[in-house]
Amino acid sequence: MTCVLVTGGCGFIGSTLVRRLVGDGHDVLNVDALTYAGLPQNVADVAGASNYSFLEADIRDGAAVAQALEAFGPDAVMHLAAESHVDRSIDDPMDFLSTNVLGTAAVLRAVEQWLPAQPVGRRDAFRLLHISTDEVYGALGADGAFTEDSPVEPNSPYAASKAASDLMARAWARTWKLPVIVCRSSNNYGPRQFPEKLIPRTIISALHGRPIEVYARGENVRDWIHVEDNVDALLRVLERGALGSVYNIGAGNERRNIDLVRDICGLLDERAPRETGATADLIAFVEDRPGHDFRYAIDNARLAGELDWQPSVAPADGLRQTVDWYLANRDWWAPLLDDVYDGGRLGLGG
């Protein structure tokens with residue numbers, strides 16, 4: 001692939017992908033609406049590159065997407081634009097329905113109408129990667145892992161909106177033979193993640209001496225993957241994945257929330273110790289999130305077997321690197337607390 005259109009390329013995962021694609025020499029068009037978590041500073045490192053272009057547009061605007069396709073002529077579309085925070089989906093589910101479902105449908109419709117008119121070589125090689133989440137599968141008990149054949153049983157408005165967008169992608173693939181591949185990634189972490197998410201919120205709360213809020217007793221389990229590993233997997237799927245397939249992307253790194261938070265506290269004790277007491281003294285157990293899924297775990301055997309992919313970032317190294325990045329980049333996150341998100345609790349559904 002030489003020309004790639006990325007939706008949501010100013011977000012956390014999207015910007016990591018954009019920086020990688022540009023650095024690897026691909027021509028990239030980044031289409032982003034610059035909502036609260038779509039930050040131009042995330043792609044500042046490549047903004048001046050000759051092979052990078054940016055279009056501020058909302059994916060729900062099908063005409064704008066169609067114009068971008070016509071002007072750029074991509075070899076692939078990687079669709080990441082989405083509302084992504086479960087807590088916000090509890091507070092405002094309609095926004096998630098609009099962006100994640102109707103927006104995905106608008107992207108699919110635009111590609112479906114544009115692709116048949118393209119030269120045969122481009123048409124035959126074209127791929128559309130739809131990036132989704134393991135949360136569409138619902139919750140696991142103490143054992144087992146999600147496979148691509150697991151039933152789709154979402155429990156939050158966010159997860160339901162992503163499950164619906166996955167079904168839209170499937171419908172366009174079946175009805176219009178659109179060359180679609182769906183990727184379902186586990187929880188991402190790493191530099192430039194918006195402060196509302198668990199890891200950056202824990203770091204930033206600790207640095208401010210505020211309570212580190214942990215839902216219920218912190219026993220919920222998530223499967224974590226470093227964002228660079230996730231991007232590696234997405235690019236492997238784009239290059240070699242089977243059309244019409246679903247690929248789970250995970251690193252086999254299951255952690256209870258409370259254990260992850262305590263590990264972060266330990267790293268902060270080494271790197272930015274408090275004047276008195278340990279960082280873990282700030283941990284405060286709070287009312288649980290409504291409908292909080294107990295456990296996620298990803299079986300990535302299809303990705304490993306068919307595409308010979310494995311994660312490369314060791315969990316301890318990735319977490320250490322992430323903590324160090326937030327310590328070194330206060331000028332990235334501090335303005336967000338003043339202007340966009342004050343660090344307060346979301347998702348109580350009141």
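Is Tyr-189 buried or exposed? With a relative accessibility of 3%, Tyr-189 counts as buried. The views below all come from a predicted model.

**View 1. Tyr-326 and Trp-332 make another edge-to-face pair.** Their planes stand at 80° and their ring centres are 6.3 Å apart, so the pair gets the edge-to-face label. Tyr-326 has 0% relative accessibility and counts as buried. Trp-332, at 8%, counts as buried as well.

**View 2. Strand β9 is largely enclosed by the rest of the structure.** Take residues 221-226: 6 of the 6 are buried. Val-221, Asp-223 and Ile-225 point one way, while Arg-222, Trp-224 and His-226 point the other.

**View 3. β9 pairs with β7 and with β11.** Strand β7 (residues 187-189) runs parallel to β9, joined by 3 bridges, and Asn-188 stands opposite Ile-225. Strand β11 (residues 254-256) pairs with β9 in the antiparallel sense, also over 3 bridges. In that pairing, look for Val-221 opposite Arg-256.

**View 4. Arg-201 is a buried arginine in helix α7.** The helix spans residues 198-207, and Arg-201 counts as buried because its relative accessibility is 12%, where the cut-off is under 20%. Beyond its sequence neighbours within four places, Arg-201 is in contact with Pro-195, Glu-196, Glu-213, Tyr-341, Gly-343, Gly-344 and Arg-345. Ile-212 lies 11 residues from Arg-201 in sequence and 8.0 Å away, C-alpha to C-alpha. One of those contacts, Tyr-341, also forms an aromatic cluster with Tyr-36 and Phe-194.

**View 5. The second largest pocket has a volume of about 320 Å³.** There are 19 residues in its lining, and Arg-170, Val-182, Gly-244, Ser-245 and Val-246 lie nearest the centre. Helix α6 (157-176) gives the largest share of the lining, 6 residues. β6 (180-185) supplies at least two. Sorted by class, the lining has 10 nonpolar, 7 charged and 2 polar residues.

Definitions and conventions
Residues are numbered from 1 along each chain as its sequence is written. This is a predicted model: local features need pLDDT of at least 70, side-chain atom pairs count only at pLDDT 80 or more; totals for chains, interfaces and linings use all residues. Side-chain values use heavy atoms; hydrogens and water are left out. On a 1 Å grid over the protein atoms alone, a cavity is a set of points where a 1.4 Å probe fits but cannot get out, and a pocket is an open set with protein on both sides within 12 Å along at least five of seven lines; lining residues have an atom within 4 Å of a point. Grid points are joined across faces, edges and corners, and a volume is the space filled by probe spheres set on the points. Helices (H or I, at least four residues) and strands (E, at least two) are DSSP runs, numbered from the N terminus. Ala, Val, Leu, Ile, Met, Phe, Trp, Tyr, Cys and Pro count as nonpolar, Asp, Glu, Lys and Arg as charged, and the others, Gly among them, as polar. Buried means under 20% relative accessible area, exposed over 50%, partly exposed in between (1.4 Å probe, protein chains only). Contact means heavy atoms within 4.5 Å. Two strands pair if DSSP finds at least two bridges between them. Rings of Phe, Tyr and Trp (its six-membered ring) pair if their centres lie within 6.5 Å; planes under 30 degrees apart count as stacked, over 60 as edge-to-face and the rest as tilted.
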